[in-house]
Amino acid sequence: MKFSKKITLTFFIILFLVLASPIILNITSKSSVFSLQPLSIVLAEEVKQDAAAAPAEETAVKEDKAKPAYPPAPKLKESDYPKVKGFNGRIVIWLAAQLHLWFAAFVLAVPIFVLIIEGIGVATKDERYDKMAYEFIKISLTAYSITAVFGGLLAFSLIVFYPDFLKYMANIFGSTMLAYAFLFFAESASLYIYYYGWNWLKHGFKKWVHLTIGLILNAVGTTLMFLANAWVTFMMSPGGVDAAGVFQGNDWAVIHNFLWNPINLHRFVANVAYGGSVVGAYAAYRFLSAQTRDEKAHYDWMGYTANFIAIAALLPLPFAGYWLTAEIYAYSQQMGITLMGGVFAWLFIIQAVLIGALFLSANYYLWCGMGRSEGAVRYNKYIKYIAFVIIACFLVWFTPHTLVMTQAELKALGGPYHKYLGPLGIMPAKNTAVNIMILFTFLSFLLYRRANKVATVSWAKYGNIAQTAIFAGAIINIVFLGVYYGYFTNTVLKVGSSVPQVASTLSVIIFCIIIDVLMFKGAKDVAPLKWGNVPDRSQYALFLLAVSFTWLMGLMGYIRSGIRQHWHVYAIMRDNSADAFTPTIGYSAQIVSIGVIIFMAIVIFIFWLNQISSKKA
Amino acid sequence: MKISRLLLAVIVIGIFYSFFKIFFGIILKQPIPGSLFTMYMFFIIIGVLLVFSFTEQGAKELMSPIKDLLENPEKMMMRNVVFGIVTIFAGFITYQQVKPSFEAPLELRTIHPAPPSNISAYNKSYNLLTLENPFMKYKKEDPEKFKQLIYEGGEVYFKNCFYCHGDKLDGKGHYAHGFNPLPANFMDVGTIAQLQESYLFWRIATGGPGLPKEAAPWLSSMPVWQNFLSEEEIWKVILFLYDYTGYVPRSWEKH
């Protein structure tokens, strides 16, 4: 059978629809994301409804008899939490959940881009893509069993340390928990057929069967994640229960709570970026231990592809994160202020530093990669300007609003805020900085694309002018929106102005790529692109990318969970255990760092397993 | 004479260092606090090293003076001198970090309490999630009355609040220097410009004692104004604060 481009296109449209179907379903359902309302409005509505419902109580009593009765959220005492000698329940849960999540994010993400790479291999008929996709999925297969092990550990730990909380959650989410378990079977089955059937289903029509299995694998995986997200977001923004925590019987209402969709989107995009960074680290590991030139070339190419995936997903990630945070603020001002203005604010400074480190290492990798072709020397002179802008934006990105000062500094400044740097501490400045940082990272990528090529089309000069104009226009627009709407208008416009800022950035990426692709069609090669011809330093940038991502996920995951403070389920079920306090920043950072070390050690073990599995006696 | 790449990197770092010191410290008279300055310089050094080392040739040139110093047998004397200087410098830095100081320890706390869902004031319970300023409606319905309410709010402010928060609402009142934490600066973009009116009502009505138990002690000297002002007076003074500063309260709908 001949694989035409049309069939490939159709396949990817189906892939998109299947992956996006849960989101589309949400939006089109009656209780869509757009009809969700903040806690304040929901509570006000509930009061009104309670009053209106009074005359109809008699009829309701009859109906209620038919419904199963659900218990209210239990009011626990400290003695209700079992203690196991030598173990701290919170730390066990914390680490088990975090390690499960890191591996889960990785194993859910890898099949997404493996399927895409496999599809590219089919469309281009280039065997190398198929080989690389197979190698990617092979890594995730080992990680899959470890994900399940940590999932089991988490479930058992919850039974041991927080039985009443788990019982309450099971009363509400019983059906989704069972669905989750069955879907896990489907996930395992499709993953194993997809992996073990790779060579069996390699040619002809069978390849399409294989791609379809990959599609099912991704659809099931994404649904699994969405279900687990429902439990997590219910704990933050409970829906479908009354003020006492009594489940109203509507499964969809508890799943589709206020923060469900923002988390779904944020985790979906972040998983892809994270998966890309971890396989990038694998490629770097193999590159550094490669014995032959061919091997080096292969793993250099693999590392480049993985980095490309990670960065492509990283670019929209700050916007998804911003949406999630804005929704948290909208749901509860208390959670919002605790998150970014209160006790967790300093962790956001660490987050900002780590995100900056991600951008710097990704850019450095691209700049080093320009050494693959001698044709790139032309562009080397621009790198210092790109670096200057990225560093400047990075400094704005992590400048805090409230500064840590000695008494002498406090006196010199006349207060806890810096007159000129203080305004950089709030979101409009951060949004402006991150958009420009993204644009200049994209510029690094554009220069890399052109490294060994010269455009031969007659309109090349005008193409370059158009690209420059688009860049300049977008930057002016982003700065104007950030400064004017960010500082001289009200909060609605302030938050709202981030949307056109993002739109400007995305427009630049889309239009410049279109112009670039057309301009460099049939371009002349200046010098050959030599895969494997990169310094070892660039590979350490790939490691840094994976470690930064892992640390970032750990810290931000802790913050997301920690803003509930002393609530198991926010404002519904109180945590009365001895550990219901918010730990200090240093302590939390240490626990997260221990998790990162354990995770990285296991990941290196997985890399080693993959390396020995490909060795011949 | 060709400057070595390492020296060039040091000069570039030095230029940034001097810029921050001179521009902010001398020209603007707002020096950058040490904690932030260290972070700035750390990432500037990283950035410079990245730019100077992204090509193979550049990295070699950058490292060659160091490599030469470490490996060249003819430079033994200089090597020992450099080692000595580096060791003494590291010792000096360490001493500066650990030497006893009479200065009060740094405070890492952010004075930014999160509001509770409900508060009690004036023998009533208020839901802060739904609470709105009852006078805000006059902004559209009766602009003249709204103006009068702001004027009355101003009177409340200058009779009660300005002693600490200042006549320019910048937190520099007559008594401000006696407090730690300092009174809030309403002109700053990070205070009332970021908050809902219900938040201000909570902070004014219940003062320092009304702050949440979490992250205590707050050490706030804010009086419990419900003991001295009426509910209406608090709402009026809130109108005045936003009118004077030109900020608009945080909300989720356009006004």
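Tutor: A salt bridge is a side-chain nitrogen of Lys or Arg within 4 Å of a carboxyl oxygen of Asp or Glu. In this predicted model, the side chains of Asp68(B) and Lys75(B) meet in such a bridge, at 2.3 Å from N to O.

Student: On what basis are these values given?

Tutor: This is a predicted model, in which local features need pLDDT of at least 70 and side-chain atom pairs count only at pLDDT 80 or more, while totals for chains, interfaces and linings use all residues. Side-chain values use heavy atoms, leaving out hydrogens and water; residues are numbered from 1 along each chain as its sequence is written, and chains are lettered from A in the order in which they are written.

Student: How many salt bridges are found over all chains?

Tutor: A search of the whole structure finds 13. One of them joins Lys207(A) to Asp130(A), with the closest N and O atoms 2.8 Å apart. Lys207(A) lies in helix α7 (residues 205-236) and Asp130(A) in helix α5 (residues 127-161) of chain A, so the pair ties together parts that are 77 residues apart in sequence. Helices here are DSSP runs (H or I, at least four residues), numbered from the N terminus.

Student: Are Lys207(A) and Asp130(A) buried or exposed?

Tutor: Both are buried, that is, under 20% relative accessible area, where exposed means over 50% and partly exposed lies in between (1.4 Å probe, protein chains only). By contrast, Asp68(B) is partly exposed at 29%, and Lys75(B) is partly exposed at 29%.

Student: Which residues are linked with Lys207(A) in a network of salt bridges?

Tutor: The network links Glu118(A), Glu127(A), Asp130(A) and Lys202(A) with Lys207(A).

How values were computed
Helix = DSSP H or I, 4+ residues; strand = E, 2+ residues; numbered from the N terminus.
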